[in-house]
Each structure stands twice: as C-alpha cells, then as structure tokens.
Amino acid sequence: MSIDPPTYDVAVVGAGPAGLSAAVGAAEAGLGVALIDAGRLPGGQYWRHDDEHPPHPGHRDGRLFARLRARLHHQRRLGRLHYLPGHQVWLIDRSRPDTGPFTLRLNGPYDTAPVERDRVRARALVLCCGAHDRQLPLPGWDLPGVMAAGGVQALLKGHRTAAGRRAVVAGTGPFLLPVATGLAQAGVRVLAVCEANPAHGWLRHLGGAVQAPAKSAEALRYAALMARHRIPYRTRAAVTEILGEDRVRGVRLDGGEVLEADLVALGWGFTPALELPLMVGADTRRDLDGSLVAVVDARQRTTVPDVLAAGETTGVGGAALAVAEGRLAALTLAAAHGLPVDPRAARRLRTTIRHGRAFAAALHHTYPVPAGWTGRLTERTVVCRCEEVTYGELCRARSELGAEDPRTMKLLARPGMGWCQGRICGFAVAAVTASLTGRPATAEDLRPLSARPFAAPVTLGELAGMADGDEEPGAEADDEP
C-alpha cells in the first residue's frame, strides 16, 4: 500500500547558486520547502567541491557559498527545509491542470545511499536546473582525451584529478580561464588558451560590462594566474582539427599551426537544462547566445501557474545573478502566501538582476559562437556521438530525404536518440540543420531537441511502480511537512 508523501509549499529543483538561494529564502520566509538535487553535496557545478575541499572562504564567492550552506543547515535543523541530495527528478505531473499540487518522481542513480523517497509533492515549483557545456563538433573531437571544459573542471574540483599532462584549452568565453589556471595549479602544462573571438569585443559593449564591476577584479585575478603559470592567451585562434588515431596527439589551429597535447578541453558556452520547464509546459525563447531559455516575468514566474525559474534556466549570467534570481523567486512565493515581504528588498533584487542581465548580454555579444563553424566539418565528422551520426549523414538526410527541420532530421538520421537524448548534440544538430537549409537557427529548431519524455534515466521497475503503487489521479494529500 502506497503512503502519500507530505505536500510542501514549494519544491526547489537544483542546489546550485539559484536553488540554494531560493530554498533558504523560502524557508526563512516561513514556507515548507523540499530541496532536490542530483549532486551529493550542495553548490551545483559552480561551487562543486569534495568533502575535504569546500570553496575557499577567502574568495568572495566562497564566502557567499559558506553563508548559504550555513543557512541551509540551519533551516534543516528547524524542520522547515527537507534536503534531498543525490536525487534526480525524472518526471513532474499535476493532479489537475493549472491547479492542485505537483508530483515530482525521483530516483537516485548517483547516490551512495538508497533513495529516501520516490515522490515529492508541492504546491509550487522553483526550477533551477542549471546548464551543461555546449559542444560544437569538429574533426577528431570524439577521440579519447577530448573533454568538455566543464568536465575537466569537475574532475579537478570534485576529485582533485587532472585528465592529462599537456593541455590545450579552446573555444570561447571567460570560462576557459578558470579551467586553464586550475589545470596549471594541478601541475598540468597548459600550452595555450585558444580563444576563437577577438580580444577587443568588450570595447563595443562597455555599457553592459560596467554593470558588474566585481567581474573586473575577477578577470585581473585570472590574468595574474595566467602570467604566473606562463599560459599563452591567443585570440582569434580557433581549433579546426584534433589530431590522433587511438587518442589525442595534438590540435591544428586555423592558421595551420600544430600544438602537441594529450588533453583538449573544449568550451563554447553553456546550454541550459530545460527538460523540466518544457515538461510542465513553460514557454521558452532563444537567448542572445543562441540557447533556449525559459521565459519569466519580473518576479521569476514562468508562463505556468505556480512554476518559477531562476539561474541558468532563464539564461546564463553567472552566480551572482543566479543568487539574486533565486532570492526574488523566494520573495514572490512568500508574497503569494500572504507572508510579509519587504518591497525594498524586492526592488533591490530586480535592480541587481537588471544589471546582471546587462552584463550577460555584453558577455554573449563579446563571445558568440563563431559564425560559419559548420563549414569546418567534414563528411566523416561525428555530430551525434551516442548514435555515431556523421555530418555526411545529416547532409544526405537533407538532400535525399528532404529533412528541413531538426525534428525530421532526428527521425530520419537518428541524432539525439542515444543515451544523452540530445543534451550534447542538440544545439549542433539544430545549427547544422538550419545551415543546410540556408537560414539561421530559431527557438522552434531547438525545442524538439530539448524536450524529453523523462528528464533522467528511469528503470522499468520505477515505471511499473508508478502505475501500481500510486494514488488515484486527482487525489490530494492534506498533510503538511
């Protein structure tokens, strides 16, 4: 016999900067909160750490994380916040459209302990699902030794492990700098940071850049680390081919120069994880960096009643912006429950968010995905690594079978049908399809490769349990957490 779980006021998905801020803010306002996160420790990708090495408290963001983590544990002790680490949300449904509580189905494939509870029910949601590395295919990128820049950093932060001895860090954006300096501090020889865009891009967007003065100090710190470790920073330097047969042996730059390396870290920005917002029916749009993001209003509310979103789910913009959005989402929920909210605090947060978005816009304009990158692909270049779909197969699906949109391309050539369900190749497949049809990619191109029936892998046993052990549709639990 199934026992109904308690119904929380709000379930927050994700314990990164936005999720931590939203969860502790909602709990401190007096709401009953469930915080669900796939990670074993709080902090998300930005504050990823192991048990012995939390983010350094001397760092500005390290102090912020320490305060949020302390508030999290305090609210747990008070019984206002139930924290579920190591749990993934694979499905969200609702007893009645636009009303009634949400039911979140959970599993814990990466947890060291059994899943504590397979369902969480809540009257409202704050989705802070984060993002993953955007990857652009190029010849040789499927060789062992080629990694996403975020994956390289995750190994360093979470496991104190360097993935190679001689590295090239390439792509675009400021995230390349902490990856390169982190590798150097771990004893790896970093041959170069190869930035595909020019260095003077910020000059055209100073209005947005000055909205985040703390970022200037951060940039100077990385510049000093780059100089200390003698890491060359090369602009307008795009990697056109990764060399090797059984594993990486080096890279070729667009000028023909070859750098010998056994590790290549590639980063082209980030793609928000939108499985859950799309699952509940939230509207999306195409952001300035080409990513699909959830649409929210000035209070972080999505277009679905009782569903809010914060952090990179609404657009990539950094930890400070994510924290402010999470906090504003908490205040919005508190006000909706009739709890006292300081209107001045809400106004200050909206100002912080406006400045953060202006900085993010400048960032996206300065470090765009390079135009014409699909022209570097060869017929044998793998685009979808799960299904081993090549660029040539995509071209033939377009020319011989008439695939003119990503959905049709997926059906005819199978990109995005493998284990990752398009998380890695989705952006690239949309861009390639649009390029082959002679037009720019749109939000309509990105949505079919971002929506998934289940947001995480699920066993047949869990599906069977969903049918056999759950309450009748429309039933509601009245107990409180």
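A: In this predicted model, the axes of helix 8 (residues 319-336) and helix 9 (residues 343-366) come within 9 Å and cross at roughly 145°. Axes are lines fitted to C-alpha atoms, for helices over the stretch in contact, with angles from 0 to 180 degrees between N-to-C directions. Helices are DSSP runs (H or I, at least four residues), as are strands (E, at least two), numbered from the N terminus. The helix 8 and helix 9 crossing is left-handed; a crossing counts as left-handed if the near helix is turned anticlockwise from the far one by less than a right angle, and as right-handed if clockwise. On the helix 8 side, L321, A324, E325, R327, L328 and L331 make the contact (heavy atoms within 4.5 Å). Helix 9 contributes A345, A346, L349, R350, T352, I353, G356 and R357. By class, the contact has eight nonpolar, two polar and four charged residues. Here Ala, Val, Leu, Ile, Met, Phe, Trp, Tyr, Cys and Pro count as nonpolar, Asp, Glu, Lys and Arg as charged, and the others, Gly among them, as polar.

Helix 8 also meets helix 1 (residues 17-28), where the axes come within 7 Å and cross at roughly 30°. Helix 1 and helix 8 are therefore roughly parallel (angles under 35 degrees count as roughly parallel, over 145 as roughly antiparallel, 65 to 115 as roughly perpendicular and the rest as oblique). This crossing is right-handed. P17, A18, S21, A22, G25 and A26 of helix 1 face A319, A322, V323, G326, R327 and A330 of helix 8. These contact residues divide into eight nonpolar, three polar and one charged.

A further pair is helix 3 (residues 149-159) with helix 4 (residues 176-185), whose axes come within 10 Å and cross at roughly 40°. That makes helix 3 oblique to helix 4. The crossing of helix 3 and helix 4 is left-handed. A149, V152, Q153 and L156 of helix 3 meet P178, V179, G182 and L183 of helix 4, and this contact has six nonpolar, two polar and no charged residues.

As for confidence, the mean pLDDT (the predictor's confidence in each residue, from 0 to 100) is 88, and 89% of residues reach 70 or more. Residues 109-116 stay under 50, with eleven contacts beyond four places in sequence in the model. Residues 471-481 are also below 50, and this stretch has 28 contacts beyond near neighbours in sequence.

Residues are numbered from 1 along each chain as its sequence is written, and side-chain values use heavy atoms, with hydrogens and water left out. Because the model is predicted, local features need pLDDT of at least 70 and side-chain atom pairs count only at pLDDT 80 or more, while totals for chains, interfaces and linings use all residues.
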